[in-house]
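Please keep the sequence and the structure in view while reading.

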Amino acid sequence: MPDTNITPEIAQNMNPVREADTTTGAAQGPREGIALCLSGGGYRAMVFHLGALWRLNQLGFLKKLSRVSSVSGGSITAGVLGLAWKKLQFDANDVAGNFDQLVTQPIRKLAAITIDRGAILEGSLLPFATIADEIVKDYKKYLFGNATLQDLPADNEGPRFVINSTNVQTRALWRFSKPFMGDYRVGLIRNPTISLAVAVGASSAFPPFLSPAELKLNPADFDPTTNGGLQYEPYTSNVVLTDGGVYDNLGLETAWKNYKTILVSNGGGVPTNEPKPAHDWARHTYRILDLLYDQVGSLRIRQVIGSYEAKLRQGTYWGIGTDIKNYQLPNALNCPHDETMVLANTPTRLASMDAELQEQLINWGFAVCDAAMRKHVDNSLPAPSGFPYPEAGV
């Protein structure tokens with residue numbers, strides 16, 4: 001874990017959450033329950049989180065979740081899990097025996113296909129097409145088909161899945177979920193029937209290349225009792241969205257004030273030093289955005305860990321850049337930090353990964369999640385017998 005010198009008072013004041021997260025719009029304090037937050041980071045994060053979900057399922061914690069809050073690459077993983085949820089077959093130990101078939105295999109299939117390059121080319125050159133639209137087409141083709149937000153589990157069927165994007169117009173977090181979508185400044189649309197692929201596409205519209213994603217909505221669909229002051233056109237008819245990580249790259253906001261136990265899986269990249277950074281506008285802009293994401297993310301991480309230490313929240317944090325030795329477990333899986341840092345520096349893209357890289361990322365997400373859970377959540381949990389893919393290692 002990162003070092004922190006945050007007092008309880010500072011940690012409380014650092015809480016970034018300002019929005020209510022209920023269908024009535026009423027604010028409330030944290031309640032019993034476990035929320036899982038999945039960060040952004042393209043395919044790298046998508047596959048890393050898959051490894052973490054694999055271990056949570058083995059430990060019987062997947063079924064215990066009350067909320068899954070995600071952004072960007074994490075939203076791809078969350079979307080697959082949410083769509084599969086009602087078909088998962090949990091045994092007496094709360095372990096889903098068909099997890100591999102319904103969750104692992106679809107994600108790995110997508111991870112073997114590059115979709116960002118083609119989307120950029122077609123969205124830039126074809127009339128009446130946008131890059132975001134092309135990404136949505138691929139999500140529909142490979143993962144979600146014609147599923148909508150209404151195909152996610154209801155609150156009495158499983159965790160509430162909240163897929164987060166950033167509203168460019170209002171500077172607020174735009175939330176997609178089964179009960180509602182919207183933000184606190186414009187208001188909410190109840191029981192939205194928008195495509196799940198559109199929601200995930202908006203959440204993963206990484207700037208500058210894949211952003212923005214636009215929603216054409218009917219202003220009459222907004223609940224007037226949720227008007228936050230901007231419930232009028234064009235805010236209600238033409239919503240302009242970008243990657244959820246622009247606002248909150250850990251996916252914390254929709255979970256933090258609602259639940260007492262917060263699990264954070266961070267697959268965000270770790271920027272490397274560049275002695276000779278590029279000067280052309282495209283690559284230089286990408287580098288600057290990467291640095292901005294990293295700094296904002298670092299503040300969020302310190303807030304989370306400070307709150308754990310101050311006993312304001314329970315739970316644990318694990319990241320793709322974590323040194324597993326920091327958990328000080330004698331039986332943690334063997335994950336040399338220099339090797340896992342190579343994985344952490346996998347580019348933030350929606351670009352094809354070979355089978356070995358996929359398996360190493362899955363193994364690493366599995367291992368670091370295991371160490372974090374056994375160290376900080378329940379030290380009676382059994383150690384794993386090995387990696388999901390033993391021959392790949394990390």
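**A walk through the chain**

Proline 212 sits in the loop that runs between α7 (196-203) and β7 (213-216). The model is a predicted one, and in it the peptide bond leading from serine 211 into proline 212 is cis, with omega near 5°. A second case involves proline 234, placed in the loop between β7 and β8 (238-243). The bond from glutamate 233 to proline 234 is cis, with omega near 5°. Most peptide bonds are trans, and most residues other than glycine have a negative phi.

The backbone angle phi brings up two further residues. Arginine 171 is not a glycine, yet has a positive phi of about 65°. Its place is the loop between β3 (160-167) and β4 (173-176). Glutamine 328, also not a glycine, has a positive phi of about 55°, and is found in the loop between β10 and α11 (337-344). Are these residues buried or exposed? Arginine 171 has a relative accessibility of 61% and therefore counts as exposed. Glutamine 328 is exposed too, because its relative accessible area is 62%, and the cut-off for exposed is over 50%.

Now take the chain as a whole. Twelve helices and ten strands make up its list of elements. Of the 394 residues in the protein chain, 58% are buried. The accessible surface of the chain comes to about 16,500 Å², and carbon and sulfur atoms hold 52% of that area. Among contacts with a separation of 6 or more, 76% join residues 24 or more positions apart.

Strand β10 (residues 314-319) includes glycine 319. This glycine has a relative accessible area of 1%, so glycine 319 is buried; the limit for buried is under 20%. What is glycine 319 in contact with, leaving aside its neighbours within four places in sequence? The residues are Phe48, Asn266, Trp364 and Val368. Glycine 319 and alanine 344 are 25 residues apart along the chain, and their C-alpha atoms are separated by 9.0 Å.

How many of the twelve residues of α3 are buried? Eleven are, and the helix is mostly covered. Among the buried residues of α3 are Gly73, Ile76, Val80, Leu81 and Ala84. An α-helix has 3.6 residues a turn, so residues three or four places apart point the same way.

How values were computed
Residues numbered from 1 in each chain as written. Predicted model: local features only at pLDDT ≥ 70, side-chain atom pairs only at ≥ 80, totals over all residues. Heavy atoms only, no water. Helix = DSSP H or I, 4+ residues; strand = E, 2+ residues; numbered from the N terminus. Buried < 20%, exposed > 50% of the residue type's maximum accessible area, 1.4 Å probe, protein only. Contact = heavy atoms within 4.5 Å. Areas by Shrake-Rupley, 256 points an atom, 1.4 Å probe, with all protein chains shown as cover.
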